[in-house]
Amino acid sequence: MATPPDSPIEEGYFDIGTTRVFKHPTVALEDLCKQTKFSRHEIRVMYRGFKQECPEGVVLEEAFKDVYQKFFPHGNSSSYAHYVFKAFDVNCNGAITFRDMLVTLSTLLRGSVYEKLRWTFKLYDINGDGCITRSELGEIILAIHELMGRRPHQIDDDRKARDQIDRVFRKLDLNQDGVITLEEFMESCLKDDGITKSLQVFDSAL
């Protein structure tokens, strides 16, 4: 039976069997429509699929990594999946709820270029301090190389990765102060499609 138009969508999960407790209130369908760019019908369809795959109502990091490994069987997806999981985990509580997933997919699939770039900046800003260091940029780029099947400890691959990190960081750090701000990131990416491609912002890795 289809969900009545004004009935709530349950995304709750309460785990009393461990020390980790997730409890999310009932979310009205209308609220999810306002928070995303999806229609009521699309949200209902995605919710049914989410509950089939995640009957507990949340996705934990290990399960998220398993999904990535299936899509990238020839690479090591663990590191990159960890960073993407953190970006999806809106509440930073170690679990992705249906709302988290919906809001993020709305940004990635239907958001403006600015919204997508802000999300990507958040992905690269690993410690969440509002700027990207060379080390953070390097960690994500190396994780992408591993995801795509980079051979570990191969001199040629290591050199290519380091060259890419140096090249991209120089282009993004406009005032050469050693960190990349959101403003620098946005300005650089909007001016140079090559940077966006180097970061794999809209690549299938996301």
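What percentage of the 206 residues in the protein do buried residues make up? Buried residues account for 42% of them, in a model that is predicted.

**Figure 1. Overview of the predicted model and its confidence.** The fold of this predicted model comprises ten helices and six strands. Of the contacts that join residues at least 6 apart in sequence, 56% are between residues at least 24 apart. The average pLDDT is 82, with 78% of the residues scoring at least 70.

Figure 2. Where pLDDT is low, predicted coordinates should not be read in detail.

**Figure 3. Phenylalanine 64 and its aromatic partners in helix H4.** The structure holds nine aromatic pairs. In the pair of phenylalanine 64 and phenylalanine 85, the ring centres are 5.5 Å apart and the planes meet at 65°, which is over the 60 degrees required, so the pair is edge-to-face. Because phenylalanine 64 lies in helix H3 (residues 61–71) and phenylalanine 85 in helix H4 (residues 78–88), this pair ties together parts that are 21 residues apart in sequence. Both phenylalanine 64 and phenylalanine 85 are buried. Phenylalanine 64 also forms an aromatic pair with phenylalanine 88, and this one is tilted, with 5.8 Å from centre to centre and 55° between the planes. The pair links distant parts of the chain, with phenylalanine 64 in helix H3 and phenylalanine 88 in helix H4, 24 residues apart. Phenylalanine 88, like phenylalanine 64, is buried. Ring pairs extend this arrangement into a cluster that links Phe64, Tyr68, Phe72, Tyr80, Phe85, Phe88 and Trp119.

**Figure 4. The buried residues of helix H4 and the elements around them.** In H4, the residues Tyr80, Ala81, Tyr83, Val84, Phe85, Ala87 and Phe88 are buried. The elements against which the buried residues of H4 pack are strand S3 (58–60), H3, S4, helix H5 (98–110), helix H6 (113–124) and helix H7 (134–147). Of the buried residues of H4, Tyr80, Phe85 and Phe88 also belong to the cluster linked by ring pairs.

**Figure 5. Glycine 75, in the loop between H3 and H4.** Glycine 75 has its place in the loop between H3 and H4, and at 14% relative accessibility it counts as buried. Its C-alpha atom is separated by 5.3 Å from that of methionine 148, although the two residues are 73 residues apart along the chain. When residues up to four places away in sequence are not counted, glycine 75 touches Gln69, Glu146, Leu147 and Gly149.

Figure 6. Most residues other than glycine have a negative phi. Cysteine 92, found in the loop between H4 and strand S4 (95–97), has a positive phi near 55°, and at 68% relative accessibility it counts as exposed. Glutamine 176 is found in the loop between helix H8 (155–172) and strand S6 (179–181), and its phi is likewise positive, near 55°. Glutamine 176 is exposed, with a relative accessible area of 53%.

**Figure 7. Cysteine 92 and cysteine 131.** The structure holds zero disulfides. Cysteine 92 is exposed at 68% relative accessibility, whereas cysteine 131 counts as buried, because its relative accessibility is 16% and buried means under 20%.

**Figure 8. Spans annotated as EF-hand.** An unreviewed UniProt entry places the feature "domain: EF-hand" at residues 76–111, 112–147 and 160–195. In the model, residues 76–111 are 67% helix and 8% strand, and the C-alpha atoms at the ends of this span are 29 Å apart. Residues 112–147 are 72% helix and 8% strand, with their end C-alpha atoms 26 Å apart.

Conventions:
Residues numbered from 1 in each chain as written. Predicted model: local features only at pLDDT ≥ 70, side-chain atom pairs only at ≥ 80, totals over all residues. Heavy atoms only, no water. Helix = DSSP H or I, 4+ residues; strand = E, 2+ residues; numbered from the N terminus. Buried < 20%, exposed > 50% of the residue type's maximum accessible area, 1.4 Å probe, protein only. Contact = heavy atoms within 4.5 Å. pLDDT = per-residue confidence, 0-100. Phe/Tyr/Trp six-rings, centres within 6.5 Å; stacked < 30°, edge-to-face > 60°. Disulfide = S-S within 2.5 Å. UniProt positions renumbered as here; feature names shortened; annotations may be inferred.
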